[in-house]
Amino acid sequence: MATLSFRLTLLLLFSVLFSVAQPVCLPVDLQCEYLKNPLGIDAVHPRFIWKLKDARKGAAQTAYQLIVGTDSQAVSKGAGDYWQTSQVNSDAQLVNYEGKQLQPFTKYYYAVKVWDHNKQASPLSAVNSFETGMMHMGNWQGAWISDSRDITVKPASYFRKIFTINKKIKRARAYIAVAGLYELYFNGTKIGNHRLDPMYTRFDRRTLYLTHDITTQLRNGKNAIGVLLGNGWYNHQSTAVWDFHKAPWRNRPAFCMDVRITYEDGSVETVSTGKDWKTALSPIIFNSIYTGEHYNAQLEQPGWCTPGFDDSKWNTAVYRAAPSSNIVAQVMQPIRAVETVLTKSVRVFNDTNYVFNLGRNISGVSRITVKAPAGTVIRLKHGERLLPNGHVDQSNIDVHYRPVGTDDPFATDIFITNGKGEESFSPRFNYKGFQYVEVTSSARITLNKNSLTGYFMHSDVPPVGTFTTSNATINKIWQATNNSYLSNLFGYPTDCPQREKNGWTGDAHIASETGLYGFDGITIYEKWLADHQDEQKSNGVLPSIIPTGGWGYEWGNGPDWTSTIAIIPWNIYLFYGDTTLLSRCYNNIKLYVDNIDQQYATGLTIWGLGDWVPVRSKTPVELTSSIYYYVDASILAKAAHLLGRQKDAEKYTALATKIRNAINSKYLNTTTGIYGNGVQTELSAPLCWGIVPDSLRYKVAANLASRVRADSNHLDVGLLGTKAILNALSENGYADVAYTVAAQKTFPSWGWWIVNGATTLYENWPIDAKSDISLNHIMFGEIGAWLYKALGGIKPDPAKPGFKNILLQPHFVSALNHCETTHQSPYGTIVSSWKRIGKKILYTVVVPANSTATLTLDGKKESLVAGKYTFEIKNEK
């Protein structure tokens, strides 16, 4: 007993000592430019972001100190040779660098210390890093090279170079800019796990480069560099209605690279692209980002990127002009094969024909493993649905394809085997949207479920939201929405991953809140808004798809679609509290709004597509486009105020008022509270976007609820209406009606898709529609954001954005028993969770450190500081 008592005493003592040693407030999750330890940034004033780990009630930051330097040991001791702030009295957790001028090719270390709400200093954070890249164009040494200028050459090209190292390496970096796509190899090893780099841009106006840490891949003696180039969107050889094969930038893929080696003795050597590089055609005999990839394994050259390979029969690379004069760093979450999806079932028609079912719809690629005689031609046809006879049906996704001949089949890979035992193939420079893969072979082969695997590919944005309820259908709708959002994120937001892969602007701004509640997507949106700047004409007009080779300036654009230029920067501001994107795009928004003002002096505009793919009713394009014109002018006015442009703020506030009045004058019957003919979109869009006069909100909302009930509590909206309908109801006293609509399982509804087997969102409400029936579309995806906003009740506060102050306004709808919602804000994880217990609702809230919340229940507001709370609420329903 004495021994046991002694041990317990020791354990208690250690526990006390350990708890005392743990800091109560500590800066964590440091990021630079919204990335962890980024390589190769060009930002002159990079942004630093951190969170506080502090579980105390009322936890807050009252001051900070940032330390930046080139010596990690010095930084860890609180000394920085590039920037060391004093104790800055501020609660900011987003700070721009303001130290000495950053130098290119330099690794910097940084750390932060904070002072808590009791003015007590925290320990210094862990040391993090960022590394600069080229910083400006003049630092490139390499030449742009290719194998030809012939855009009709179909095989992808190999490039290689040998160089020798005789000294001890301290660090080595490869800086590579590519017109097209690439894979990079050193000494036989592929570098990194990114897919489809660099991201798609308007190549003749902005070209992206990447930085790779290759220190561990180099060795003393001879080293080999290998580069494999693919077409991507740069040399679009497939033909479709958007004319990308006629893009003004089109050329044979090319690249420029500097390999910068820093030795232990301080010397630096740069190995660059030039005429001393060798090139040959690869076994990838055709590659199209749009249709598929063809690979002939009989043409493989083993060891092509190793030092000992004989390249005497290879050709000399040729010089090429740079595709643009604006080569900048790609600083964003990359595309990766994020998830492996195993085959769920396989149907064997015969020993040359198999259909594989992954059990879910994804964006990405398939990988086949097979043993077959040399020269066997295996075709892998991808699709989202099956014909009645069980074969793959592409009729819903190939409608805009305009093939020339038969050698470029849609969404189909072709693999020609070398016959050397078991072989595997997966495309490198393509992706598709699919659930089914039909394999057809020119020779008899034996396949089983393990022979084919799918890989879910998308921009690898970190998840920041969770959501679950007592309703299984609602949970599946949330998951399907996430699946479609990710399936349509490939360095830019797309409409669908199979039929088009286009950056449709309307789809993207409708789904932007859904994306930001669920994923940390700021780096993707910042890149895509730079694409907007590249595409905007001098008169302010934007195309309907971005990037574009020229298509979309005369059809599909207008404020209902191209309001992306205003809405997305504003949403980024709301979700991150960061004005950077608003500031960058301010002049573009202004140019855009001014153009509409000049074209449509009355305040009403007919420019736009309208409520795309509605169930039944038609809403006037003038109404919806004018509403989005009002939204743009309002955002511009608010941005002007934030950025200190007071005259602009006054001007565009007046313009927004003019537009609002014009809409109400023409479309609102003030006696009845009806807009137009009173269909769902006509009533919900003015409510959602703040058009309705305050004195009539109740009446218009009551009319909307009545209209929905008359429509059997089902949807009767299109794209623009889905953004508005649920929000307009739940924010105006009809949350239960909104939930009833959202949870429907009969046509037309989101749940109708789910009960019919959907794992993604569709493009049209009828699942047997004859057109516009992609099975992986994000345009009806606002429901994902609504779940967070209405059932979870989590909203950003425009007065204190970035969830500095959280607006908590949950709706305890009667048909649900529980709802758990989280969102990782810039300050930490917000929790809003409720469940019914008898005639009470137990509501749990977590407000992260250094943020506050305003809780609204039954019309009463309560201010909350950081901490965890539990409320008991009477529930008579």
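Throughout these legends, a residue is buried when its relative accessible area is under 20%, exposed when over 50%, and partly exposed in between (1.4 Å probe, protein chains only). This is a predicted model, in which local features need pLDDT of at least 70 and side-chain atom pairs count only at pLDDT 80 or more, while totals for chains, interfaces and linings use all residues. Residues are numbered from 1 along each chain as its sequence is written, and side-chain values use heavy atoms, with hydrogens and water left out.

**Figure 1. The whole chain, to get your bearings.** The protein chain holds 16 helices and 43 strands; these are DSSP runs numbered from the N terminus, with helices (H or I) of at least four residues and strands (E) of at least two. Its radius of gyration is 29 Å, close to the 29 Å that the globule rule gives for 877 residues, so the chain is as compact as a globular protein of that length. Here the radius is taken over C-alpha atoms, and the rule is 2.2 Å times the number of residues to the power 0.38. The C-alpha trace spans about 85 × 75 × 75 Å along its principal axes. Of the 877 residues, 62% are buried.

**Figure 2. Helix H5, residues 522-535.** Expect 20 Å from the 14 residues of H5 at 1.5 Å a residue; the end C-alpha atoms are 20 Å apart, which agrees. (The expected span is 1.5 Å times one less than the number of residues.) In H5, 13 of the 14 residues are buried, so the helix is largely enclosed by the rest of the structure.

Figure 3. Most peptide bonds are trans. Aspartate 197 and proline 198 are joined by a cis bond, with omega at about -10°. You will find proline 198 in the loop between strand E12 (189-190) and strand E13 (207-213). Phenylalanine 747 and proline 748 are also joined in cis, and omega is about -10°. Proline 748 sits in the loop between helix H14 (735-742) and helix H15 (750-755).

Figure 4. Most residues other than glycine have a negative phi. Glutamate 33 has a phi near 55° and belongs to the loop between strand E1 (26-32) and strand E2 (47-53). With 10% relative accessibility, glutamate 33 counts as buried. Asparagine 187 has a phi near 50°, and its loop runs between strand E11 (181-186) and E12. Its relative accessibility is 12%, so asparagine 187 counts as buried.

Figure 5. Look for serine 238 in the loop between strand E14 (221-230) and strand E15 (254-263). Serine 238 is buried, with a relative accessible area of 1%. Contact means heavy atoms within 4.5 Å. Leaving aside residues up to four places away in sequence, serine 238 touches His245, Phe286, Ser288, Tyr290, Thr291, Tyr401 and Asp408. Serine 238 and glycine 292 lie 54 residues apart in sequence, with their C-alpha atoms 9.5 Å apart in space.

**Figure 6. Threonine 85 and its neighbours.** Threonine 85 is placed in the loop between strand E4 (83-84) and strand E5 (94-96), and at 10% relative accessibility it counts as buried. Not counting residues up to four places away in sequence, threonine 85 touches Tyr64, Gln65 and Leu66.
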